[in-house]
Amino acid sequence: MPTINEILEQKLFSKDNLISLLKAEGADGLHLLQKAGELKLQTVGNKVYFRGLIELSNVCEKDCLYCGIRRSNSKVNRYNLTDEEVLEAARFAYRERYGSIVIQSGEVTNETFVARIERLITKIKQLSGNKLGITLSLGEQTKEVYCRWFTAGAHRYLLRIESSNPYLYQKLHPGDGNHTYEQRLEALRLIKKIGYQTGTGVMIGTPFQTLEDLAGDLLFFKDFDIDMVGMGPFIEHDDTPFNTPHADALPLSARFNLSLKMVAILRLMMPDINIAATTALQAIDPLGREKAVKAGANIIMPNITPGTYRNNYLLYNNKPCTDEEPEQCTGCLDTRLALADSEIGYGEWGDSKHFKENKNF
Ligand code: SAH
């Protein structure tokens, strides 16, 4: 079996290599994180780009077994931001020179919702003189809907595959015929074909997941030639079927370390993509996002949802920053990122270099 050093010298990693890297501990583990951090600096540089996250609504038609805002959770206080609140958040992001926003929501597919998003995209483009980049994270929709939103001006779409192993995917989602792996994959294919910069990702440390599954996820990102990835630790939510740790569940700290290794390995495999330092990392370690930036991530999504709603978009227990207003985020992040030897790409879209090079822009 090759050593971690030997594997890290290679250009391509086999599935077995990936599993060895995911198992790397101590000095080997540190070497992996360091090497990925160095490669990031050489390829995409030391800038971290902001995507102001607007959590538009927690109303959801889906019933994912892990998610706090799943349809069957009757304890959730369901909300919808008003149009004016969304536009105000977008103005805030523009004023603070965040470059881009992400509109995320539970999954809703009716025409009222679709038309509303279309209108909001148009208005956000107008209020920012076309300057604010718009990423959507609104779940599975039809080809027509993805096209309408793209035409209105959204240019990136995030849809996590959640797991690239169809059997595991099935175990994490209800078997009601309304939520299949094939549908999810098809949605991702559509998003890519329409021309969005395409983002996906997985949770790390879910029930039933193995290291082989995670290695498969990394290979999936590469095979799919993805532009952006967001992945973070799975964290239990009290009011879901996965509320208590599974018998062989990893402790949160191990899920955290594994997530950092996933980020680092992915950076080595796909040097020019955008990788997010996700909020779930910060839920486990207060410096989680900064550690991910050091290990290869280059995107952060500060939450700019109006403070009053944040307590209701709880995907998992202990979600951080739910008691803050958007104004408090910027200063906090500026300082934190300086500590991680990075600077913020203010006023820039920070598009995936990978996407640009593929399209010859
Ligand atoms: N409705 C949108 C947005 C979903 S929320 C969509 O379907 O794309 C964004 C992500 O949060 C999900 O894709 C999932 O990977 C993650 N998430 C949900 N519940 C979680 C939990 N308990 N722990 C960690 N991440 C979770």
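## Contacts of the ligand

In this predicted model, an oxygen atom of the ligand lies 2.8 Å from an N or O atom in the side chain of Arg 160, which is a polar contact in the sense of a pair of N or O atoms within 3.5 Å. The protein covers 91% of the 550 Å² of accessible area that the ligand has on its own, where accessible areas come from the Shrake-Rupley method with a 1.4 Å probe.

## Surroundings of the ligand

The ligand is surrounded by 17 residues (each with a heavy atom within 4 Å), and the closest are Tyr 66, Ser 105, Arg 160, Glu 162 and Ile 235. By class, the shell around the ligand consists of 9 nonpolar, 5 polar and 3 charged residues, with Asp, Glu, Lys and Arg counted as charged and Gly among the polar ones.

## The protein chain

The protein chain contains 15 helices and 10 strands, taken as DSSP runs of at least four residues (H or I) and at least two residues (E). Its C-alpha trace spans about 55 × 45 × 40 Å along the principal axes.

## Basis of the values

Residues are numbered from 1 along each chain as its sequence is written, and side-chain values use heavy atoms, with hydrogens and water left out. Local features need pLDDT of at least 70 and side-chain atom pairs count only at pLDDT 80 or more, while totals for chains, interfaces and linings use all residues.

Technical notes
A polar contact is a pair of N or O atoms within 3.5 Å; within protein, one must be able to donate a hydrogen and the other to accept it, and residues adjacent in sequence count only if both atoms are side-chain atoms.
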